Amino acid sequence: MLVGLPQAYYDPKRLRPKRAFRSAMARLETAVPEVVAHRPDGKGAIRLTAGGQSRSFGTADLSTWMGMGDRLLKVLRWVDGVLGDRSDRDLLQYAAIKGALDVLDPHTTFFTPDEYRSNKSRFTGSVVGVGVYLRTVEGRIVVRKVLARGPAARAGVRAGDVLVQVGALTMANLNPTIASERLRGKAGTKVKLVVERRGRRMTFVVTRKEIVLPSVTTRMLAGGVALITITGFPKNVLAGFKKELAAIRKRRPKAYLLDLRGNEGGYIQQAVRMADFFLESGVLVKAIGRGGQKKVTWEVKKRKDRITAPVLVFINRRTASAAEILAGALSTAGRTLLVGEKTWGKGTVQKLFPMKDGSALKLTMWQYLLRGDIPVQTAAIVPDVEVVGVRITDEGVRYLTAARSSGEAGQARVISAMKGKEAWRGRPVMKKVRYLADAGADPVIELGRKVVLATEGATRAALLTAAKPLVAKFRQAQRKHLGEMLKKRGVDWSRGTDGTGGAGSAVKLTATVVAKPSVVRAGKPFNLVLTIRNDGTKPVYQVGALFAAYASMIDGRELLVGRMAPGKSRTVTLRCQAPPGIRERWERVQVKVIAQGAPKAAAARLLLRVLEKPRPSLRLLWQVDDRLRGNGDGVLDAGESAALVVFAQNNGAGAANDVRVDATEPVGGLVITRARAVFSKLAPQSTAVARLAIRRMDRPDPRGRRPGVTLTLYDKTLGGDVVQTIWLPRSGTPIKFEPDKRVVAPSSRSTVLYGHAGPNGQQVARVTLASRLVVEARRASVLRVALPDDRFAFVSASDVKVVAVKVVAPAAKQSSGVKPVWNVVPPRLKLTPASHEAKSAAFKVHAQAFATGGVQDLWVRVWNPESKHRAVDKLVYRAAPKAGAQKVEVSALVRLLPGTNYVAVDARDVGGAQGQRRIAVYLPKELARKGGDSLAHGTRSSAREKAARDKAASPKSQNKSGCGCRSGRGTSIGSGSGSGSGSDGATLLIGLLLLLGLWRRQRQRG
């Protein structure tokens, strides 16, 4: 499966077979509802439960990675055999691979085919499409930009055009991401675009081609200074750099500014070869592999077109990976001055391995060292001149936290650094400069322009000499400007001049914080009111407060108070807004008060209660309406177009304010021409109707599949998702209907209406004896009757009788006797007790699921997003008999972790509709039980296992999105690079993936 995989993973100590196997089991139970993994003995053996059967898999004898792979293969075969037709082989395989790799570093990542396809342009720097950028304006998709000389530009598409249709798919209410995916395809294929321009519709036929995404832009500044901005290092960036550089050199620049801010890296070869343009000789960077044995060294390649003019480089906290290589290579060679912020600090190198099935593996293989063997990993690159942007807006102030960044060092499972911080001793050379960052001109670029024009040489030393007076002047001007801005807000941000500056023991501050209102409700504003008192005998200067919490509506916010006279108090307010979709929780708010000379002057804490909005509970009824472009029998025959009518109801306690229904993943020759509909506000017990558009191809499906589509009904803010794959009625002999105008009434209490005229029609409504139905058309013994909301249904002539009426009421007024039969109804769920504050770490819940059509299964999970243990633990799974049961219930014991724990019950009905109910349980830190295991579900792990786990999972700080939101930062050496002997760890990693690939091929062959 991975024939070209190099034979060395950088950190072999992380290749721990037992941990990898346990991690794979955790992923497997998360991905597959039927699978539950327990460690009942606490010694390593894992008991899997799936499909009503259980089996134990030992881990004590797992001493090699290959042995772990073999054990994992046995697990997959067993689960696949137990689940039978319900098994998804791709889901099982991908979950196992992801889980096994979870024990490695955060940059070793496995991409499923869908994930790799959506991320591919980031690696290659190109995409096959038509060359347009899209955005949403008032619910419509508008062309924001058209790439010059791209296919769309040549066809005549312009910026500002409203995209109406792509191929057969109408763009109504779709988001730009889905629209962009529709525009992509194979190079050379044609796609029809319908746009609206000034009220006029226009059609273009555009041929897709590979489009290089621009990563390099240039422009000339005053005084003959060239600004080169590089946004990334994909495979093609060097070609773009050469082209842009050649064009701008014709204007004879006196100096250069190289802007690498926000550049998250890419391919290492592109960065080192770009450095050749600025350096004369020497080692640029080298990469070391496992144990420092494998080395790849890049030296400067001499170029006749080398730039000899002064160059200054801008960096910031988002400069990472290959961008750090370029900045670091120029800096360590004494060629440039670095201005900005400390960089991200990613010094590991990954290689990308695409697979035949469309998936891909990104594997960490090397760590790179700059000239002089200076590492970057977690140590980062420190600028010569540190400048930090400050924001002062109506929404708040970002002054104290402007320079805050944990970078690579703050990520989970990060590879530790070699000693490298010593290399940057003495940097920054000057005091930190804060400047006002706004949407206008960039003052940092102007500072850099002045420095390169003032320098008398092209070296770091010369640039530094020129920079010192200019930076001092810039600092003074910005300090004055910021002081004036803050003064307008009532903040005296002056520094102490009385000889003490408010330093040391002279600072005596106390602080308290309260919430108003005391209970926060989702979607509502609230205030955190902070009172600070100066109990000292001298003024205290530059007093501010930093807020820390898990919720982003509070975390990282700050307040500036400024100068405080002795004996005086100041009350300041942090205005917050709770997101409408926030879940019920307890928020621990911590406030750190700082002052000039006292970084920890005072502290305050608050436990904030947050209540969520009552949630909607959605259900739906669908029906094919082929009356306009078909034969009106409710069956989508070959070549027919029809409306897919979706009838939705909110059966929950809360209102749904932004309800949408999406149709995706068509199969069986089905084409979706309108994929999304947006409902108006759905109050509890109210209903709404939406109409999607579908078409069936003339030719039969090559796999013989029945036409089907996945429907997703959800509130964009509050959730309540209903996801269901529906199968349309099978085509038979087309039924021709003749018009009819009679009125009929049910002949019995059991009369039902059906969604189509063929056999085995699905029920769509029941009618009472008092109902009167207007017949639209008739064919033999089948009648088509009108229903409210422009719907219709079918009934057998033998189930109704003709009645005489003087005045026939319109269908819209007949709803009193027609009761919908909902096709997709998630189970109704109960979870007791309700949300509360726990008195102990042991907590027992009782879950129940109810469904009229039958409950298929039910499972209970628990997780705590605030804890180091971020995994979602499945506590129990319960399956009903094959035919389903109207009620399924289970009890489970939960071990809580400090903070807000979420306990959720999920259940599916026999049709596959899934629902969820969750509660929030808060556990004070002092009541928490020590220990715990992601597979233990309440059982104690050994002290040795706990110590090893804590040591491996103790980063300096945790990223709130889980294992690190920066996983996209990658540097690749590329195919064919590197040398050295094979390693057992990497060879075994190959073995694992080869085994999984073999298992997958065996399954595909039946």
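The buried residues of helix α7 are covered by several elements, among them the strands β13 (216-221), β14 (225-230) and β15 (255-259) and the helix α8 (268-275). The model is predicted. Helix α7 itself spans residues 237-249 and has 13 residues. From its first C-alpha to its last it reaches 18 Å, close to the 18 Å expected at 1.5 Å a residue. Five of its positions are listed as buried: V237, L238, F241, L245 and I248. Viewed down the axis of α7, these buried residues fall within an arc of 95°, so they line one face of the helix. An α-helix has 3.6 residues a turn, so residues three or four places apart point the same way. The face of α7 turned away from the buried side carries A239 and K243, which are exposed.

Helix α9 (residues 322-332) is largely enclosed by the rest of the structure, because 10 of its 11 residues are buried. These are A322, A323, E324, I325, L326, A327, G328, A329, L330 and S331. Just after α9, G334 takes a positive phi of about 70°.

Strand β29 (residues 540-548) is also described by its burial. Of its 9 residues, 8 are buried, so the strand is largely enclosed by the rest of the structure. β29 pairs with strand β30 (residues 558-564) through 5 bridges, and the two run antiparallel. In this pairing G544 stands opposite L560 in β30. β29 also pairs with strand β32 (residues 585-595), in the antiparallel sense and over 5 bridges. Here F547 stands opposite V591 in β32.

An open sheet is formed by 4 strands in the order β38-β36-β40-β41, with antiparallel pairing. β38 (676-678) and β41 (719-727) stand at the edges with a single partner strand each, so one side of each is left without a neighbour in the sheet. On average, neighbouring strands of this sheet are turned by 15° against each other, direction ignored. Strand β40 (residues 708-715) is joined to β41 by 7 bridges, and the two run antiparallel. L711 stands opposite Q724 in β41.

Most residues other than glycine have a negative phi, and most peptide bonds are trans. R198 is not a glycine, yet has a positive phi of about 55°. R198 lies in the loop between β10 (190-197) and β11 (200-207). Its relative accessibility is 85%, so R198 counts as exposed. A380 is not a glycine either, and has a positive phi of about 65°. This residue is found in the loop between β22 (374-375) and β23 (385-393). A380 counts as buried, because its relative accessibility is 0%.

One joins K516 and P517, with omega about -5°. P517 is found in the loop between β26 (509-516) and β27 (519-521). Another joins T832 and P833, with omega about 0°. P833 is found in the loop between β51 (828-832) and β52 (836-837).

Across the protein there are 13 helices and 57 strands. Buried residues make up 54% of the 1006 residues. Among contacts with a separation of 6 or more, 72% involve residues 24 or more positions apart. The accessible surface comes to about 45200 Å², and 49% of this surface belongs to carbon and sulfur atoms.

Technical notes: Residues are numbered from 1 along each chain as its sequence is written. This is a predicted model: local features need pLDDT of at least 70, side-chain atom pairs count only at pLDDT 80 or more; totals for chains, interfaces and linings use all residues. Side-chain values use heavy atoms; hydrogens and water are left out. The expected span of a helix is 1.5 Å times one less than its number of residues. Buried means under 20% relative accessible area, exposed over 50%, partly exposed in between (1.4 Å probe, protein chains only). The arc is that of the directions from the helix axis to the C-beta atoms. Contact means heavy atoms within 4.5 Å. Two strands pair if DSSP finds at least two bridges between them. Axes are lines fitted to C-alpha atoms, for helices over the stretch in contact, and angles run from 0 to 180 degrees between N-to-C directions. Accessible areas come from the Shrake-Rupley method with a 1.4 Å probe; for residues, only the protein chains shown count as cover.
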